[in-house]
Amino acid sequence: MGFHSYILRSKKDGRFYYGSSESLEKRVAAHNAGRVRSTKSRRPWVLWFFEEFSTKGEARRRELFYKSFDGYHWLRSKGIIR
């Protein structure tokens, strides 16, 4: 088991959420259970995309990349987000 950067999509409004975690399944469950303040109001969530890394730092850096201008354009160019 490694570390993950991930993208969730809200079934409620179609918006995306970017994050990173060691336990992807548990983290997605926490989002859907309302235990994450920043995503509670936009439940339910579906796991849209993820990547696995060997270290926490790599996963966190990738999450920050997703949130950057260059990351946004990379995600669009790959068809991951619209």
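User: What counts as a salt bridge here?

Analyst: A salt bridge is a Lys or Arg side-chain nitrogen within 4 Å of a carboxyl oxygen of Asp or Glu. The model is predicted: local features need pLDDT of at least 70, side-chain atom pairs count only at pLDDT 80 or more, and totals for chains, interfaces and linings use all residues. Residues are numbered from 1 along each chain as its sequence is written, and side-chain values use heavy atoms, with hydrogens and water left out. By this rule, the number of salt bridges is 4.

User: Which residue forms a salt bridge with Arg42?

Analyst: Arg42 sits in the loop between helix H1 (24–33) and strand E3 (45–53). Helices (H or I, at least four residues) and strands (E, at least two) are DSSP runs, numbered from the N terminus. The partner lies in the loop between strand E1 (3–10) and strand E2 (16–21), so the pair ties together parts 29 residues apart in sequence. The closest N and O atoms are 3.6 Å apart, and the partner is Asp13.

User: Is Arg42 buried or exposed?

Analyst: Buried means under 20% relative accessible area, exposed over 50%, partly exposed in between (1.4 Å probe, protein chains only). The relative accessible area of Arg42 is 13%, so Arg42 is buried.

User: Which residues are linked in a network of salt bridges with Glu63?

Analyst: Glu63 meets Arg60 at 3.0 Å, N to O. Both lie in helix H2 (residues 56–66), 3 residues apart, about one turn of the helix. Glu63 also meets Lys67, at 2.7 Å, N to O. The residues linked with Glu63 are Arg60 and Lys67.
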